[in-house]
Amino acid sequence: MARRAIWSGSISFGLVNIPIKMYTATREHEIRFNMLHDQDRARLRRKLVSESTGKEVHPEHIIKGYEFAKNQYVVVQKEELESCAPEKSKAIEITDFVNLAEIGPIYYEKPYYLAPQSAPAGKPYRLLVEAMNKSQKVGIAKMVMHEKEHLVALRPLGDALCLEMMKFADEVVGLDEIDGIPTDVKVGERELKAAIQLVESLSTKFDPEKYHDEYRDCVMKLIHRKAKGEEIHIAPAADKKVGRATDLMAALEASLAQAKSGASSSAANGQGRRRRKSA
Amino acid sequence: MGSAGTVSTKARKDPSPLGSGANAGVIRFGSTTVKLSNLNKVLYPTAGFTKGDMIAYYLGMADFILPHLKGRKLTRKRYPDGVDKLFFFEKNCPSYHPEWVATSRVDSAKRENGLHYCVVENKATLAWLANLAAIEFHTLLSKGEDVTRPTYMVFDLDPGAPATMLDCIRIGFRLKEMMSGFGVECLAKTSGGKGLHIYVPLNTPVTFDQTKSFAHAVARVLEKDDPKSVVSAMKKNLRDGKVFVDWSQNDEHKTTCCVYSLRARERPTVSTPVTWDELANAAKKKNADALIFEAPNVLKRVEKLGDLFAPVLKMKQKLPAL
């Protein structure tokens, strides 16, 4: 099934310009619950309400304000925001090419696919993919989307271009802010060897298909069963179990008492009754 | 693959791969070859017991231990650098296992594709695992694909110092007699450590739910009967001077040390089946040491006594319906 583009713009590097469409490359599989009223299961909706009048305010009357001091707002219009990045608003301008391996995974935020907007854009698109494949480099660019500037990496993925949304350096927390990471603890050579051996014994090829969100699967199964009208009981009938256990213990106690009175000597000399019921 | 292992003459001149001083070699079981390595590596420093000694022990015991391993999902406790060094439990059969090693899958809460246990069906697998420094063999209580059905019920009697094996014997007899009141027979083996394992062969349709609640009731009755000597709760700090009757191993997911498995203790002791008479004698003479069996003794013992634990595989008993 063809997916719908979420954004369109163009990549530029040097004199080349490639009009592209952008598609999400991942999908959320989180289970979303709706809020219902426990009395009649009616769907509940959020409303935006004015703090001064208590009345609902509709979207066309909503503007943005920045709280620069307690309860003091600077109002900013959409056009004013756009003025901060007038020409960037639709461009992905590649400024640098770097080695892919140099980018630490911590910088990656979310991947997208890019596709050429039209057939004529196919050629420069292909050119960029092949050039990056051959040179083993990825492009670093900035773009503006949803009123935010993003640092992105453009990398080839087979025949396609993949856009990786990235964190800016100041968005990544430094390790110096984390206490307790051991750096001067000595480990023995033999211990290390054994640990490496353990790592190697568990080593395998990374196979993403191997890993599933089992919690989600379980919740979805539960939902499907409930949707089919199956009653689901969580708590076992505790009382019944206790009753049975008590009977069982009474019987075991009786057996032990009998063994003690009747055959107390057999335990001491080990000549227990041999009642083998071998098959 | 019943025939004894023979050695590839290309790899070595000596017909015995083990105990001849060679550090590595290839051993053949029919058409299957197993590479053995680091045979001179000392796994038990106090006893000077090497990996070669261990492989020789397991192969020497093959006729006796294999029936207890066959069809059972196996967890190994591996000591790559010996009993006094780092060890790890291994449930999943390593991905590099030879294709002739049988595996068996079970669902796992942690792994989407389930766990793939190794199953020891023949000598070659036994040798291969021993060569990986798998000292201890722990098996599930179920056999074959039906992992919800145990073939026996087990009690692990574990003495908390200053309680000893002698206390375990006392409680073991009490347990045995309680069961014999229902016409159900028990067998015993040493843990290979300080304790005693009591087995109740079943080999009839039963579930872990049933054996576990039954075993728990047994443990609680033993505790109630003699609270100064017996504890049925897991908590370690309750065990001082008492025998912990561990009933909780009667569980689909838990393993128990297989009979004839070596234990990774200071010396190469073995979880060894013992008769009730032997237990009574040890108790009478207050000689718990008579119940410590090391690998070489066990090899001699089975020659003389055969497999005292054979009934665990064959005897059909039903849990009393209470």
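Start with strand β12 of chain B, residues 187-190: 2 bridges join β12(B) to β17(B), and the two run antiparallel. Strands here are DSSP E runs of at least two residues, helices are H or I runs of at least four, and both are numbered from the N terminus. Two strands pair if DSSP finds at least two bridges between them. Now select Lys189(B); its bridge partner in β17(B) is Pro273(B).

This is a predicted model, in which local features need pLDDT of at least 70 and side-chain atom pairs count only at pLDDT 80 or more, while totals for chains, interfaces and linings use all residues. Residues are numbered from 1 along each chain as its sequence is written, and chains are lettered from A and ligands numbered from 1 in the order in which they are written.

Widen the view to the whole sheet. It is open, has 6 strands with mixed pairing, and runs β14-β15-β11-β13-β12-β17 in chain B. Color β14(B), 230-231, and β17(B), 273-274: these are the edge strands, each pairing on one side only.

β2(B) (25-29) has a covered face of Gly25(B), Ile27(B) and Phe29(B), and an uncovered face of Val26(B) and Arg28(B). In a regular strand the side chains alternate between the two faces of the sheet. β2(B) pairs antiparallel with β3(B), residues 32-36, over 5 bridges. Val26(B) is opposite Lys35(B). The two strands make a hairpin with 2 residues between them, and Gly30(B) in the turn has a positive phi of about 60°.

Move to α4(B). Its 16 residues reach 22 Å from first C-alpha to last, close to the 22 Å expected at 1.5 Å a residue; the expected span is 1.5 Å times one less than the number of residues. In α4(B), 15 of the 16 residues are buried (20 or more other C-beta atoms, placed from the backbone, within 10 Å of the residue's own).

Now show both chains. Here 38 residues of chain B are in contact with 33 of chain A (C-beta atoms, placed from the backbone, within 7 Å). On the chain B side, the elements giving two or more residues are α4 (165-180), α5 (208-225), α6 (276-284) and α8 (310-314). α5(B) gives the largest share, 7 residues.

The average is 82, and 85% of the residues score at least 70. Residues 235-241 of chain A fall below 50, with 1 contact beyond near neighbours in sequence. Where pLDDT is low, the predicted coordinates should not be read in detail.

Terms used. Contact = placed C-beta atoms within 7 Å. Buried ≥ 20, exposed ≤ 12 C-beta atoms within 10 Å, placed from the backbone. pLDDT = per-residue confidence, 0-100.
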